[in-house]
Amino acid sequence: MTDRRSFLRGAFAAGVGGVATASVSGAAASVSGAAASEAGDAERPLRGFHGVHQAGVEEAPLPRTSVVAFDVIAENRRELADLMRAITDRARVLTAGGVPDGAGITAPPADSGVLGPDVPGGRLLVTAGVGASLFDGRFGLASRRPAGLTTMPTFPNDALDPAWCHGDLSLQLSARDEDTVVHALRDIARHTRGAAQIRWRMDGFVSPPRPSGTPRNLLGFRDGTANPAPADLGRLVWNADGGTFLVVRLIRMLVEFWDRVGITEQEQIIGRARDTGAPLDGDGEFDPPRFAADPIGKIIPLTSHIRLANPRTAQTEGSRILRRGFNYDRGVDAVGDLDMGLVFTCYQRDIASQFEAVQHRLKDEPLVDYVRPFGGGYFLVLPGARDDRDFLGRALLA
Amino acid sequence: MRPWVPWAGAAMAAAVVAAAVAGGEGLLSGGGTHASATVLEASIGRCGTGWTHARPGAQTLLVRNTGNAIAEVRLVDRAGAVHAELEGLGPGVTRPMRVTLGAGEYALRCSDDSAGDPRTGTFVRITGGGPGGPAVPAVSTSDLAGAVSAYWTKVTAGVGRLAGLTDALRSAVASGDAGEARRAWLPAHLAYERLGAAYGTFGDFDGKINGRPEGLPGGVHDPGWTGFHRLEYGLWHGEDTSSLGRVADRLDKDVRDLRADLPQQRIDPADLPLRAHEILEGTLRFELTGEADQGSGTSLATAAANVEGTRLVLDALRPVLRSRYAALPETDAWLARLDARLKGRTALSELSASERRRLDGTTGQALELLAPVAEILAPRRTS
C-alpha cells in the first residue's frame, strides 16, 4: 500500500469525510462533444481539410484514434519543407477520398487497398503538430521556436520512459473506424519514410455513451464532462494564427488495483458519482459542483480530482483546457495485469498557465496511486492549410 | 521533387481524384456495377473486340476472356508502352482493368499459353482529356539476358573470393586460436553477404551457408544448423574451437560445392528484378533489427555488404532500367545516403536511437524506390 493511499485514508479518518469526486483527468467544467456516434452521424462527412484551424481539435472526438510522434530525419530545411508538403498532400488526399492512382505496371499498388478500391471521403481527421526538438540546430529554426513551445518536463508523479516521450512532429489520425486510421497511417508513413520515422505511437478509442452522456474511461467514470463551451475556445484554445498547443500524456491506469477499491472511495477520489457522472453534490452529469458551498470538502473532498483540476474560481477560470481522452488497451504487463489506460490530450493557448497550472494543482492527488503517466509530449498544432497551395508549417519554414 | 514519394508527380496527383463517371461504352466508373457496361473481349481470336469508343480519364475497363485458353492481356499504346495488364485471365472470366488514359491511341494485346505470338487488337483513338497514367515499355526475357549474364559474372567472381576467405576461416578455426577465428569470420561472412543472396538465389546452398536458427526445432542447439551464423554463435559464445572445427569444415565444403555448382545454376531472368528490393528487405528485417546477429555484433557491416549486393543487381539491370525508370538517379542517391550512414559502422549498438531511426528511414526510403524495379522489369511477352 502506498503512502498516498494512506494519505487518502488519513483524510477519511480525520473525518473530513466521505465526499466524492470525479474524473480522471482533468479538467474543467462543461460539455465535450460526444456526439460522434449518434445515429445518422455516421454517414455525414466530417469537415473539409482546409481552414484557419486544422481539423481534429474542435470536432467531437471520433471513436478511433492514433496518436503518433515522429522524429524528422530529413537532412536539411528543404527536405523538411518537402516533408511538410508531403504530409499536407497526403492528408488532403486521404480526407477527400477517391480512387487512388493506378500505378499500372510501373510500381506496386499506390494504395494499400485497406479501404477498398474507392477510398471513402470525409471520414478522417488529420491533425499535425511540431515539437520543441524540431527547433534545435538541425534546420536553422532555433530562432523561430514559438515561445510557448517547451519540452514536457517530468511532473512529480510521473514515471516517464524516454522512448515514449516527445518527438519532432505529432500526428493524430481519427476516424469512426479503425481501418480508416490504419490506412491513413500506412499511407502517410509510406510517403514520408526518408524524411521522418515513427518515434512512438499509441492507439486509442472513445467508448459509446454508457448509457448516456459523456463517454467513460477505463476507470469506469465519465471523462471530459467539464470542457469549455465552443464559444470559449477562441479565448482558451486558439492562438491568433490559428494554431494551438497540444499536450499529450500517456497514462497507464492500474485497473486491477482500482477495481479493488470501494465505490465510495473511488467516487471521492474523482469527485463524481460513477453511475451518473454527477458531481457528488449534484443530481446530473452537467450540474455544476458548488465548491463554495462546501469549503472544507465535506461533500466533494478538497483533494478530489475534479476539485483540484477545475476549482471553478475566477482565478482558475483561465487555466481551463479543452481535454480529449482516448482509452488505450494494449495487452498485458509483466505481472499479468492488463496494460490499459488513457491517451490524455488537451488543447490550450498557453501550456504553462493552463495544463501545467492544472497539473501542479493535481500534484499528489489521491488518484496518482492508480495511474502512471509514462509518456507524451508538448506540441504546437500548426495553423490550418488554407487552400490547395498552402501546406502545414509553411509560415514557420518560410 | 519529393524524394520520398516514389510514384508521385503531378499527373498522378490529378489521378487520385479519379474514378469519374461512367461514360462511354465498355467503361465503368470506380464504384459502378458490371451490369450495363460493355465488355472488351480478350482472346487470340477476338482481342479488343467491343472496344469501339474510348474516352480519356481514369476508368475501369471490363475485360472478358472469350477464348478457351488462359490469356494474358495488356493495354498498350502506339509506342508500345504497357498501361495495364491482366495475367492468368481464365476462359470465361471477366476482370476489371483500371487505367487512366490521356490523348493517344490504345489497343489490347492478347496472348495465351499457346506458342503463337501475341495478337494486338484494333487501336482506338482518344483525343483531349488530361494526362494519362504511368506506362512503360515491356521488357522481354531476352531483354534481361544481358543483365543476367553480367550479374552472374560478378557473382561467380564473388563466390571465388568467398571460397578463399572461407578456406582461411577454416584454417583459423583449425589453428585453435579463437581470436584469429573470430577475425577471419567477418571478412568471409561479408563476402557472402555482398553476393546479395536473398530469397533463394542459391537454392538450398543459402540455407546451408547462411541459415538462421529460427524454425529449427532445437533452435541454436539444433544439430542441423550449419554455416556462418552457426559458427558465429559458437565463436562468440565460448564454444571450443576444436568442436567448431566440424562446423567450419562443413561451411568450407558447402561454399566449395556452391562454387562448383554455380556453372550449372540458372538464374531465372524474372528473379533478378525482384532482388533489387528483396536484398534490402532482408537487411531491414534481419540486420537492422539485430535479429540475425549471433553474437558478433556486425549487423551494420552486413547491411553495408547488402547495399553492395543491391548495387550489383541494380548495375546489372541499369541498361534496361535507365530509360524506363525516371527515379533511378534518385534511387542511386538514396543508396549512396544509406551507404554513407553505414560507413565505418559495424555494430548496431554503436548507434543511438535517433541514429537508428535515420538508418531505418533511409533504408525504408531506398526500398520504396527499389520496389518499382521489380514491376517495371517483370518479363512480359512482347510481339
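Mentor: Gladly; let us begin with two helices, α9(B) and α10(B), which count as roughly antiparallel to each other (angles under 35 degrees are roughly parallel, over 145 roughly antiparallel, 65 to 115 roughly perpendicular and the rest oblique). Please keep in mind that this is a predicted model, in which local features need pLDDT of at least 70 and side-chain atom pairs count only at pLDDT 80 or more, while totals for chains, interfaces and linings use all residues. Residues are numbered from 1 along each chain as its sequence is written, chains are lettered from A and ligands numbered from 1 in the order in which they are written, and side-chain values use heavy atoms, with hydrogens and water left out.

Two packed helices are described by the angle between their axes and the distance between the axes. For α9 (residues 328-342) and α10 (residues 353-376) of chain B, the angle is about 155 degrees and the axes are 9 Å apart. Helices here are DSSP runs of H or I with at least four residues, strands are E runs of at least two, and both are numbered from the N terminus. The axes are lines fitted to C-alpha atoms, for helices over the stretch in contact, with angles from 0 to 180 degrees between N-to-C directions.

The crossing of α9(B) past α10(B) is left-handed, as the near helix is turned anticlockwise from the far one by less than a right angle (clockwise would be right-handed). On the α9(B) side, the contact includes B:Trp334, B:Leu335, B:Leu338 and B:Leu342, and α10(B) brings residues including B:Leu359, B:Ala366, B:Leu369 and B:Leu370; contact means heavy atoms within 4.5 Å. Sorted by class, eight residues of this contact are nonpolar, four are polar and four are charged. In that sorting, Ala, Val, Leu, Ile, Met, Phe, Trp, Tyr, Cys and Pro are nonpolar, Asp, Glu, Lys and Arg are charged, and the others, Gly among them, are polar.

Helix α10(B) also packs against α7 (residues 272-287) of chain B: their axes come within 7 Å and cross at roughly 160 degrees. This pair, α7(B) and α10(B), is roughly antiparallel as well, with a left-handed crossing. Among the α7(B) residues in the contact are B:Leu274, B:Ala276, B:His277 and B:Leu280, and among those of α10(B) are B:Thr363, B:Leu367, B:Leu370 and B:Ala374. The contact of α7(B) with α10(B) holds 10 nonpolar, two polar and two charged residues.

From α8(B) come residues including B:Ala303, B:Val307, B:Arg311 and B:Leu314, which meet α9(B) residues including B:Leu328, B:Leu335, B:Ala336 and B:Asp339. This contact of α8(B) with α9(B) divides into 11 nonpolar, two polar and four charged residues.

B:Cys47 and B:Cys110 form a disulfide with sulfur atoms 1.9 Å apart, where a disulfide is a pair of cysteine sulfur atoms within 2.5 Å. The link is right-handed, with 85 degrees about the S-S bond. B:Cys47 sits in the loop between β2 (40-41) and β3 (57-64) of chain B, and B:Cys110 in strand β7 (residues 104-112), so the bond ties together parts that are 63 residues apart in sequence. By this rule, one disulfide is counted over all chains.

A last stop is B:Ala69, in the loop between β3 and β4 (71-77) of chain B. Leaving aside residues up to four places away in sequence, B:Ala69 touches B:Leu89, B:Pro91, B:Asp112 and B:Asp113. Its C-alpha atom is separated by 9.5 Å from that of B:Gly88, 19 residues apart along the chain.
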